[in-house]
Every structure is written in C-alpha cells, then in structure tokens.
Amino acid sequence: MIHLITGGAASGKSEYAESQVLASGCKNRLYVATMSAGTDPENLERIRKHRERRKDMGFKTIECSLMLSDITVPEDCAVLLEDLPNLLANEMYLPNGIGIHALGRIMQGIQYLDQASDELYIVTDDVFADSCSYEGGTKLYMQLLGLISQNLTSLAESVTEVVYGIPVKIK
C-alpha cells in the first residue's frame, strides 16, 4: 500500500513518515535516501541530522539517488522513500539520470517498491506553494513533479499533508 506524505519545507513531514513506518508493525524497515549531496555542506548537514534522528529506529538505510527498481526489499518490510523531489532532480539532472523521461522510470520504480514491500511511505514537498513563475528546466521539473504527485495520489491508500507538524488527512 502506498502512503503519500507531503508538506512544505521543515513542516515535520519526515518525522511523521518515520512515525508511520514505526507504527506499521512490519518487522523490517527500509529507509531509501534519495539525496545526492555531493560535497554541499548544507546537504551533508541535513543528511547528518536525518541519520542522527533515526539512528535508534531500526531502519536499514539504502542510499539510492537513481533506479529504485535496483533495491532489494526484504520480507515483511515497510519502505520509506525520502524524498520524491530529490529523486526527480537526480533523474533529470545527474549525468547518469534519464533526463526528461524521468516520469516513467520513477513511476516504474515506485510500482516495484509498492509490490515488493508491505507498506510504502513516500515523502514529497509542496514546491508549488511559492506562487512564483518559473521557466525552462525548473518549469519542466515542476510539471513532472506535479504529474508524479497526481499519479501517486490516485494510487495511494492515504495522502497526508503535514502543516506545522500537524498531519492533515487528505485521502
């Protein structure tokens, strides 16, 4: 079953998603980290904080910036995919990504994870809330993220928006 969790930056969506995985009752917990930090100090610090927060939660962390279908999922497993916007950016802009064809690969990977796991929790961002107008690659990125989010919303068992740390059930 797919559970989509969305919200703005620093809304508490990651903490909420982690709590849902812990409550799932699954024996195994897989954390799929999609951020490709490179050498960016800010991204490296975010990764360090996330790792520190979940160190005693029993997650096995898999660093996967591309190709979700390459992940091995154990039996009786809840998977947390953190997060969709990073995965899309990686697929579009990393040298070994698939570029503008990212939608198909990402949806195929999510369908694989959904079938391989007992529960799949996907964290995404509300990148559309700033009401700015973008052009070129950024506009295409946002359009693809919107399409992926719409597809996932129709497939998901539940959709939750986290607002200031408060989960609001949408579906």
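Angles under 35 degrees count as roughly parallel, over 145 as roughly antiparallel, 65 to 115 as roughly perpendicular and the rest as oblique. Helices (H or I, at least four residues) and strands (E, at least two) are DSSP runs, numbered from the N terminus. The model is predicted, with local features requiring pLDDT of at least 70 and side-chain atom pairs counted only at pLDDT 80 or more, while totals for chains, interfaces and linings use all residues. Residues are numbered from 1 along each chain as its sequence is written, and side-chain values use heavy atoms, with hydrogens and water left out.

Helix α4 (residues 102-116) and helix α5 (residues 136-155) have axes that come within 10 Å and cross at roughly 30 degrees; here axes are lines fitted to C-alpha atoms, for helices over the stretch in contact, and angles run from 0 to 180 degrees between N-to-C directions. The two helices α4 and α5 are therefore roughly parallel to each other. Their crossing is right-handed (a crossing is left-handed if the near helix is turned anticlockwise from the far one by less than a right angle, and right-handed if clockwise). On the α4 side the contact (heavy atoms within 4.5 Å) is made by L103, I106, M107 and I110, and on the α5 side by L144, L147, I148, N151, L152 and L155. By class, nine of these residues are nonpolar, one is polar and none is charged; Ala, Val, Leu, Ile, Met, Phe, Trp, Tyr, Cys and Pro count as nonpolar, Asp, Glu, Lys and Arg as charged, and the others, Gly among them, as polar.

## Helix packing: α3 with α5

The axes of α3 and α5 come within 10 Å, crossing at roughly 130 degrees. This angle makes α3 oblique to α5, and the crossing is right-handed. From α3, the residues in contact are L84, P85, L88, A89, M92 and Y93; from α5 they are G137, T138, L140, Y141, L144, L145, I148 and L152. The contact comprises 12 nonpolar and two polar residues, with no charged ones.

## Helix packing: α1 with α2

Helices α1 and α2 pack at about 30 degrees with their axes 12 Å apart, and are therefore roughly parallel to each other. The crossing of α1 and α2 is right-handed. S14, E15 and E18 of α1 meet H50, R53 and R54 of α2. This contact holds no nonpolar residues, two polar ones and four charged ones.

## Pockets

Pockets were identified on a 1 Å grid over the protein atoms alone: a pocket is an open set of points where a 1.4 Å probe fits, with protein on both sides within 12 Å along at least five of seven lines, and lining residues have an atom within 4 Å of a point. Grid points are joined across faces, edges and corners, and a volume is the space filled by probe spheres set on the points. The largest pocket contains about 470 Å³ of space. Its lining has 25 residues, with S14, R46, H50, E82 and D83 nearest the centre. Two or more lining residues come from each of α1 (13-23), β2 (28-33), α2 (41-54) and β3 (59-63), and α2 gives the largest share, six residues. By class, the lining has six nonpolar, eight polar and 11 charged residues.

The second largest pocket has a volume of about 220 Å³. Its lining consists of M35, S36, N43, R46, D83, P85, N86, A89, N90, D125 and Y141. Four lining residues are nonpolar, four polar and three charged.

## Backbone features

Most residues other than glycine have a negative phi, and most peptide bonds are trans. The peptide bond from E82 to D83 is cis, with omega near -5 degrees; D83 lies in the loop between β4 (77-82) and α3. M67, which is not a glycine, has a positive phi of about 55 degrees, and this residue lies in the loop between β3 and β4.
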